[in-house]
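Work through the exercises below with the sequence and the model at hand. Each task is followed by a solution in steps.

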Amino acid sequence: MTVEGLVDWRGRPVNTKWHGGVRAALFLHVVVVLMYTVNIANLMNLVSYLHGTMHMGVARSSTIATDFIGAMCMFSLVGAFISDSYIKRFYTMLIFAPLEVLGYGLLTIQAHYQSLHPAQCDINKENNNCVQVHGFNFVLLNIGLYTVTFGEGCLRGCITPLGGDQFDDDDPIEQRQKISFFNWYTFGISFGGFLGLIFVVWVQNNKGWDIGFALCTLLVLTGLIVTACGFPFYRNQIPTGSPLTRILQVFVAAYRNRNLSLTDYRVSEEVANRNTPEMEVFSRTRGFKFLDKATIDNGEKGDWSLCSTTQVEEAKIILRMLPIFLSSTIGYLPVSLLLTFTVQQGGTMNTQLGKIHISPASLFVIPITFQMVTLVIYDRVIVPLLRKLTGYPGGITHLQRIGIGLVFVTVATAVAALVETKRKKVAIDHGLIDSSTGVPMSVLWLGLQFFFLGILDVTSFVGLLEFFYSEISTRMKSIGTSIFFCILGLSAWLSSFLINVVNKVTRNGEGKGWLDGANLNKSHLDRFYWLLSVIGLVSFLNYVYWANKYVCRYNPGIVTEDAKRSKQWRIQNFYQGRALIEFK
């Protein structure tokens, strides 16, 4: 049995008995574990490196760390665009993964040689005497960081859709396996984070950042080798040209035909049949009628004057998803801030648990452990039960799953505000307001806000990933998953902008805002957390409004035997449509 539109590494039609399925996905799961072992450890601990080794202030180190997160997510668009347009996803991964290896190699070199970073200094005790990284060393730091983000981002834009390509939606068994793939994909992220926060963070904090970055280099290289080993088993989507160009053509053609009337589509339907039978062919839908004018034949020839109905519908899909994208972006805005500031909070607290020293970054092990347990229970117990009750392959709809997670963003930031209020009170009561460390309050207090962030990842993370992958057209699957990562990236960049705005608005007579300076005890992080909680609540209500108005482009129910024949029907309809036009 073959699957239309997919080929093996030699360009031949795939055989479902040999290519794709769970076996091919296993290689990608291993890559995800290795990739996120490195990724999450550095996302959580990077602020400690910037603050402790590079001697940056609280606000600046948090801003650079969140910009790092944002750039990594936004660069996924580059890999997605290339893999959807010109090069198969597997080959795109092989091209860009070495850049991530190179980036971590540069960071290793900088951390190893004393001349490439500031002289050793305890910024928590001598913050007025420590010199921040500057000049060539600062440039080298950014080259290393952004080489990592570019390589990692391009991998992110390809690995998820490549995994989705291994399963056929028109096969009821493989449809359920695809749902499980996304759940286990998230499990792989959590398991990788678990390993990274325990081992990689420990190496960085105890053996040195040079050894820590060298370990990251080795792990990423191993992931690249594992990816290459799975090449005989992958199903590969054939690139169909630039999806962004096709969408832009719709807007240009619609603008050119803006003065024409929508009366007769019989002529333009011939253009719809430019599509190959292996690809989706959409029927005309209501809404955004101004775009339908792109299908009117005004006598001019060329792709920028006359578009197919399928092209127009692809553009409509993007526009319909835009409110969900924007509301989810605002909803995720507090997340990256909560992650970076929580690590800095932990640096001021008691990190001893008996004789064990707990790194603040390692506290994220608490929600990650919860995520792994919950995802297994959810995939193996809850989903089958809900599937029987609702008829949805995933138990509940993607939009419902997203909404549940956004509720816990508000809860997590509110809890963080209460914990920070208590931490500052303890610091004041013990006369430690001028000290940056030594607050006699256990770092485990921060585990609660991390726990609620774990619920967010189990729900909204998977929900958004599945939503954009399933709603986007076949030609744009990589773009669809990258849209999800763009939510994380834009929210991280907006959070950096929010820090600067809040500091500027709240500056007092001494010229210091809520988050200025290197001493967290003298800041007003508690007030900032309350602001984030309000933003989270408003964004959730905004999301609910748009989610209620959104109509999925397909019935999310379980595939039946009739649906299995849908591809055969599309091909038959394609040739019937062509014959009808030729007859006319």
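**Exercise 1.** Determine whether K477 is buried or exposed, and find what its side chain reaches.

Solution. K477 has a relative accessible area of 9% and is therefore buried; buried means under 20% relative accessible area, exposed over 50%, and partly exposed in between, with a 1.4 Å probe and protein chains only. The model is a predicted one: local features need pLDDT of at least 70, side-chain atom pairs count only at pLDDT 80 or more, and totals for chains, interfaces and linings use all residues. Residues are numbered from 1 along each chain as its sequence is written, and side-chain values use heavy atoms, with hydrogens and water left out.

Helices (H or I, at least four residues) and strands (E, at least two) are DSSP runs, numbered from the N terminus.

Then list the polar contacts. A polar contact is a pair of N or O atoms within 3.5 Å; within protein, one must be able to donate a hydrogen and the other to accept it, and residues adjacent in sequence count only if both atoms are side-chain atoms. The backbone oxygen of Y469 lies 2.7 Å from the side chain of K477, and the backbone oxygen of I472 is reached at 3.2 Å.

Finally, with neighbours within four places in sequence left aside, K477 is in contact (heavy atoms within 4.5 Å) with D84, R89, P161, Y469, S470 and I472.

**Exercise 2.** Describe the ring geometry of the pair F461 and F484, then that of F484 and F485.

Solution. A pair of aromatic rings is described by the distance of the centres and the angle of the planes. Rings of Phe, Tyr and Trp (its six-membered ring) pair if their centres lie within 6.5 Å; planes under 30 degrees apart count as stacked, over 60 as edge-to-face and the rest as tilted.

The structure holds 27 such pairs. In one of them, F461 and F484 stand edge-to-face, at 5.0 Å centre to centre and 90 degrees between the planes. This pair links distant parts of the chain, 23 residues apart: F461 is in helix α14 (residues 447-471) and F484 in helix α15 (residues 477-505). F461 is buried at a relative accessible area of 9%, and F484 is buried at 0%.

F484 also pairs with F485: this pair is tilted, with 5.0 Å between centres and 55 degrees between the planes. Both F484 and F485 are buried.

**Exercise 3.** Locate E300 and give its accessibility and its partners.

Solution. E300 sits in the loop between α10 (289-292) and α11 (309-346). Its relative accessible area is 41%, so E300 is partly exposed. Apart from neighbours within four places in sequence, E300 is in contact with R256 and S305. With S305 there is a polar contact between the two side chains, at 3.2 Å.

**Exercise 4.** State how many helices and strands the protein chain has, and what share of its residues is buried.

Solution. The count is 18 helices and six strands. Of the 584 residues, 57% count as buried. Among contacts with a separation of 6 or more, 83% are between residues 24 or more positions apart.
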